[in-house]
Amino acid sequence: MKRFFSDLSFFLFLIGVLIQQLAVSKYGLAIFPDSVNYIHAGKSFLNSFEFHQFTGEYFVSWPPFYPLQLSLISLFGENFYIISSIYHAVIYGLTLVILQKIIVFEIPKSHLTRQYLSLLFLLLIGAWPIMQLSLEFVSETGFIFLALLGFYVGIQKKRIYLGLIVFSLLMLQRYIG
């Protein structure tokens, strides 16, 4: 079985985590009205096993997977915002690793060195919007990670069913429309 983290992908993971943590070190993750709904839904699920918005209404306009993740992070109590920041950083770092794995999978072995380095450079530049999302309390960071993970697992031979399971989680992370 091949190792998931090669030296380069582990380095890429660390770069992603460190950049994200450096960016949120002063003020923390950005919070929007949707973020307040996600956080409150997660904490209300932890208290009553029901998803409620901060207005008291049922949380039905958004999917339940992200608030469920936030409810697990809420178990850490006072460190909720710090752990959430680290969680988003890890998701961003793993997203970079998955992108790198897809690039390696798609490039022929004979062209790997030169094209790999140039595509990896473009990947870092192209991943800027994903990094911006990882600085906010939004479900899109996890959605992008699950979409890429599902695609990566799906293109592997004999793993299409596992890819479909990841895509099912993806639909619970973020509704389309």
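Buried means under 20% relative accessible area, exposed means over 50%, and partly exposed lies in between, with a 1.4 Å probe and protein chains only. The model is predicted, so local features need pLDDT of at least 70 and side-chain atom pairs count only at pLDDT 80 or more, while totals for chains, interfaces and linings use all residues. Residues are numbered from 1 along each chain as its sequence is written, and side-chain values use heavy atoms, with hydrogens and water left out.

**Exercise 1. Helix H7**

Task: State which residues of H7 are buried, and compare the reach of helix H7 with its expected value.

Solution.
- Step 1. Helices (H or I, at least four residues) and strands (E, at least two) are DSSP runs, numbered from the N terminus.
- Step 2. In H7, the buried residues are Thr141, Gly142, Phe145, Leu146, Leu148, Leu149, Gly150, Tyr152 and Val153.
- Step 3. The expected span of a helix is 1.5 Å times one less than its number of residues.
- Step 4. Helix H7 covers residues 140-155, which is 16 residues, and its first and last C-alpha atoms are 22 Å apart, close to the expected 22 Å.

**Exercise 2. The whole chain**

Task: Describe the secondary structure, the burial and the contacts of the chain.

Solution.
- Step 1. Eight helices and zero strands are present, giving the pattern α-α-α-α-α-α-α-α along the sequence.
- Step 2. The chain has 177 residues, of which 41% count as buried.
- Step 3. Contact means heavy atoms within 4.5 Å. Among contacts in the chain with a separation of 6 or more, 68% are between residues 24 or more positions apart.
- Step 4. Accessible areas come from the Shrake-Rupley method with a 1.4 Å probe; for residues, only the protein chains shown count as cover. The accessible surface of the chain is about 10,600 Å², and carbon and sulfur atoms hold 70% of it.

**Exercise 3. Helix H3 and serine 74**

Task: Explain why helix H3 is described as largely enclosed, and name the residues that serine 74 touches.

Solution.
- Step 1. Helix H3 spans residues 65-74, and seven of its 10 residues are buried, so the rest of the structure largely encloses it.
- Step 2. The buried residues in H3 are Tyr66, Pro67, Gln69, Leu70, Ser71, Ile73 and Ser74.
- Step 3. Serine 74 counts as buried because its relative accessibility is 11%.
- Step 4. Leaving aside residues up to four places away in sequence, serine 74 touches Lys43, Leu46 and Phe80.

**Exercise 4. Aromatic pairs**

Task: Find how many aromatic pairs the structure holds, and characterise the pair of tyrosine 38 and tyrosine 66 and the pair of tyrosine 81 and phenylalanine 137.

Solution.
- Step 1. Rings of Phe, Tyr and Trp (its six-membered ring) pair if their centres lie within 6.5 Å; planes under 30 degrees apart count as stacked, over 60 as edge-to-face and the rest as tilted.
- Step 2. The structure holds seven aromatic pairs. One of them, tyrosine 38 with tyrosine 66, is edge-to-face, at 5.0 Å centre to centre and 90 degrees between the planes.
- Step 3. This pair links distant parts of the chain, 28 residues apart: tyrosine 38 belongs to helix H2 (residues 33-48) and tyrosine 66 to helix H3.
- Step 4. Tyrosine 38 counts as buried, at 2% relative accessibility; tyrosine 66 also counts as buried, at 2%.
- Step 5. Tyrosine 81 and phenylalanine 137 are likewise edge-to-face, with 6.0 Å centre to centre and 90 degrees between the planes.
- Step 6. Because tyrosine 81 lies in helix H4 (residues 80-106) and phenylalanine 137 in the loop between helix H6 (128-133) and H7, the pair ties together parts 56 residues apart in sequence.
- Step 7. Tyrosine 81 is partly exposed at 44% relative accessibility, whereas phenylalanine 137 is buried at 1%.

**Exercise 5. Phenylalanine 32**

Task: Locate phenylalanine 32 and list the residues that it touches.

Solution.
- Step 1. Phenylalanine 32 is in the loop between helix H1 (7-24) and H2, and is partly exposed, with a relative accessible area of 36%.
- Step 2. From phenylalanine 32 to phenylalanine 137 the C-alpha distance is 7.4 Å, although the two are 105 residues apart in sequence.
- Step 3. Not counting residues up to four places away in sequence, phenylalanine 32 touches Glu136 and Val138.
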